[in-house]
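Student: Could you take me closely through one part of this structure, namely how its domains are placed and what lies within and between them? I would like one connected account.

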Amino acid sequence: MKKTRFGKTELQVSKIAFGGIPIMRLTKNDAAILVRESIDLGINFIDTAHVYTDSEEKIGQAIKGVRREDIVIASKSPADDKKTFLEHVDLSLKRLGTGYIDIYQFHGISTQSKKDAVFAANGAMEGMEEAVKSGKIRFPAFSSHSIPIAVELMKTNKFASVQLPFNYIDCAAADIAIPLAKELDIGFIAMKPMGGGLLDDAHLAIRYLLSFDGIVPDPGFEKIEEIKEIINIAEKDETFTQNDKDEIEKQRKEFGPSWCHRCDYCQPCPQGIGISSALCVKSAFKRMTKERAHSFVGPSIEKAKTCTQCRTCVSRCPYNLDIPSLLKEQIKVYEAMPK
Ligand code: SF4
Ligand code: SF4
């Protein structure tokens, strides 16, 4: 598969990365086979995280016997403080079975308080600098769900890679964050390239992302057919046309301003409500088979009926969604759907 230069890291990475979330649902053996097949198909960029349960370990199994310099590994730590961050780095190295990680990201710096904690004395940034000095990490990086915070972080000139949600519906990064990453020569990983499972037109989604020079989409894979489909689309290098733009405009209007970006920053809900799943009833029924849509949103809608209106979630939502009211609406929408 064709490679692209990943910003100032000068790493040559496949135009599509392997997102390490869905392999959490596979057995160790199936996950290792899938990762290995992806590498054989030309994907050399694998992104995982400390918090994706056994994802790092499964990737570690899969890359045994692969020349380390032939793959680029990215992982993440959610730690705020130096000590925990360094513990996470060591654990990531152990689970991945490697002596170094190419790109290590602060996982989800999306609020000012998180950013302040990371940059405080004895904060995780000091741990990052130490891990780079000792050779355990090659390039410091971060992921975020907040464009203003990501812009601030990029301007510190301390990071070689940024990861933000970016797809043809969640496209705010295209205005400032992506041009800035390009200007500062920072690698850009597009998180949730398929809208967290809600954009089912892979052809449109991948071609949209690849129309931005140097962006690396990071879809999660569970089946080899999915990988082959995405690689096939990426390899064709088709032009992004006016018809594609019109189709995207149409879909953006359908999603509307109350579109939940599925970032899960509103969690944890004290009632255990799967808010992001409960908020996508209409989209799920429009884009999935009836059976799949029921199993995708049904359990969360049942839970949503227990919402106490405490509004803890509202203060955490970076998109200022009125979650309790939207849940009420979605319950009604779900109940009107064909059984
Ligand atoms: S308002 Fe409802 S959904 Fe939000 S945190 Fe409270 S119980 Fe959970
Ligand atoms: S409700 Fe807000 S915080 Fe929760 S997943 Fe949706 S966009 Fe994210």
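Tutor: In this predicted model, the C-alpha centres of domain 1 and domain 2 lie 28 Å apart. The contact takes 5 residues from domain 1 and 4 residues from domain 2, and on the side of domain 1 that touches domain 2 the residues divide into 1 nonpolar, 3 polar and 1 charged. As for the bounds, domain 1 covers residues 3-246, whereas domain 2 covers residues 275-335.

In general, nonpolar side chains tend to be buried together in soluble globular proteins. Taking V297 from that list, its contacts, leaving aside its neighbours within four places in sequence, are S277, A278, C280, V281, A284 and Y334.

Turning to the sheet, 8 strands with parallel pairing form an open arrangement in the order β3-β4-β5-β6-β7-β8-β9-β10. Strands β3 (18-19) and β10 (215-217) each have a single partner strand, so one side of each is left without a neighbour in the sheet. Further in, β6 (residues 101-106) and β7 (residues 137-143) run parallel and are joined by 5 bridges, with I101 having I137 as its bridge partner in β7. Helix α3 (residues 82-96) lies across β5 (72-77), β6 and β7, and runs at about 140 degrees to β5.

Methods. Residues are numbered from 1 along each chain as its sequence is written. Chains are lettered from A and ligands numbered from 1 in the order in which they are written. This is a predicted model: local features need pLDDT of at least 70, side-chain atom pairs count only at pLDDT 80 or more; totals for chains, interfaces and linings use all residues. Two strands pair if DSSP finds at least two bridges between them. Helices (H or I, at least four residues) and strands (E, at least two) are DSSP runs, numbered from the N terminus. Two residues are in contact if their C-beta atoms, placed from the backbone, lie within 7 Å. Axes are lines fitted to C-alpha atoms, for helices over the stretch in contact, and angles run from 0 to 180 degrees between N-to-C directions. Domain bounds come from an automatic or database domain assignment. Ala, Val, Leu, Ile, Met, Phe, Trp, Tyr, Cys and Pro count as nonpolar, Asp, Glu, Lys and Arg as charged, and the others, Gly among them, as polar.
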